[in-house]
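Here is a brisk report on one protein chain. The sequence and the structure come first, the details after.

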Amino acid sequence: MSTVLFVKANNRPVEQAVSVKLYEAFLKSYVASHPEDQVTELDLFQAHLPYLDATMINGAYKFSQSMPLTPEEKQVTDIATQYLDQFMAADKIIIGFPLWNLGVPAVLHTYIDYLNRAGTTFQYTSEGPIGLVSGKKVALLNARGGFYSEGDAASSEMAVNFVVRNLQLFGIREITVVIAEGHNKSPRLREEIIKDAIQLAVETAKTF
């Protein structure tokens, strides 16, 4: 039995959001094909996560150094640690998110900030940072209305690239990506693009 964490980073209705369609399709397929696994869902928009700021940065540093924290530092650090511990306890993580303004939704950025904990997910060394997380599988479910897989636009895509780079920093190498793209730029192909991406999510979930 695996412990599986589904992270949702889009609060738009499923009728309006392709990344939510991918998320729900993957979740339904995964649960049906892995009935023995323990599945937990985390809706980041429902979590109301406090942003990374000076108090949280100071608290995380003091925590890693076993130094006493102020009440304010402890409050926000405990919140970040709660989500970090949940992430670390999962064998598999699935993250559904859109490309918004060339990047990720702010809630997902904040969540990734929580996971960046020196001494837990990575470690500084004289040769540079090294990842401390191993043995996890991650699936990324992303939707973007334009085409960013190749050409000049590829360098502007800072959603999937951002998440992948952080996961690699943590030492995670087994990363599966399912992307729906171009459905807004190609209205005539919109339904076909979305249908194919949903089917890919369904099939990917069965063997994930």
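## Glu73 in helix α4

Glu73 is found in helix α4, residues 71–89. Helices here are DSSP runs of H or I with at least four residues, strands are runs of E with at least two, and both are numbered from the N terminus. Glu73 is buried, at a relative accessible area of 8%. Buried means under 20% relative accessible area, exposed means over 50%, and partly exposed lies in between, with a 1.4 Å probe and protein chains only. Leaving out residues up to four places away in sequence, Glu73 touches Thr55, Asn58, Gly59 and Lys62. Contact means heavy atoms within 4.5 Å.

This is a predicted model: local features need pLDDT of at least 70, side-chain atom pairs count only at pLDDT 80 or more, and totals for chains, interfaces and linings use all residues. Residues are numbered from 1 along each chain as its sequence is written, and side-chain values use heavy atoms, with hydrogens and water left out.

One reaches the backbone nitrogen of Tyr148 at 2.9 Å. The other is a polar contact of 2.5 Å with the side chain of Ser149. A polar contact is a pair of N or O atoms within 3.5 Å; within protein, one must be able to donate a hydrogen and the other to accept it, and residues adjacent in sequence count only if both atoms are side-chain atoms.

Beyond neighbours within four places in sequence, Glu181 is in contact with Arg144, Gly146, Phe147, Tyr148, Ser149 and Ile193.

## Aromatic pairs

How many aromatic pairs does a search of the whole structure find? The search finds eight. Rings of Phe, Tyr and Trp (its six-membered ring) pair if their centres lie within 6.5 Å; planes under 30 degrees apart count as stacked, over 60 as edge-to-face and the rest as tilted.

Phe45 and Trp100 form a tilted pair, 6.3 Å centre to centre with 55 degrees between the planes. Phe45 lies in helix α2 (residues 44–47) and Trp100 in the loop between β3 (92–98) and α5 (106–115), so the pair ties together parts that are 55 residues apart in sequence. Trp100 is partly exposed, at 29% relative accessible area. Phe122 and Tyr124 pair edge-to-face, at 5.1 Å centre to centre and 85 degrees between the planes. Phe122 is buried at 6%, whereas Tyr124 is exposed at 57%.

## A cluster and a charge

One aromatic cluster is formed by Phe6, Tyr23, Phe26, Tyr30 and Phe208. The charged end of Lys137 sits over the ring of Phe208, 4.7 Å from the ring centre. For this, NZ of Lys or CZ of Arg must be within 6 Å of the ring centre and within 35 degrees of the ring normal.

Helix α6 covers residues 160–169, and its buried residues are Val160, Val163, Val164, Asn166, Leu167 and Leu169. Gly171 follows α6 and has a positive phi, near 100 degrees.

Val202 is found in helix α7, residues 190–207. Val202 and Leu27 are 175 residues apart in sequence, yet 8.3 Å apart in space, C-alpha to C-alpha. Outside four places in sequence, Val202 is in contact with Ala25 and Ser29.

## Positive phi in loops

Most residues other than glycine have a negative phi. His48 has a positive phi, near 55 degrees. His48 is found in the loop between α2 and α3 (54–64) and is exposed, at 65% relative accessible area. Asn101 also has a positive phi, of about 50 degrees. Asn101 is in the loop between β3 and α5 and counts as exposed at 81%.

## The whole chain

The chain has seven helices and seven strands. From the N terminus on, the order is β-α-β-α-α-α-β-α-β-β-β-α-β-α. Along its principal axes the C-alpha trace spans about 60 × 40 × 35 Å. Buried residues make up 45% of the 208 residues. Among contacts between residues at least 6 apart in sequence, 75% join residues at least 24 apart.
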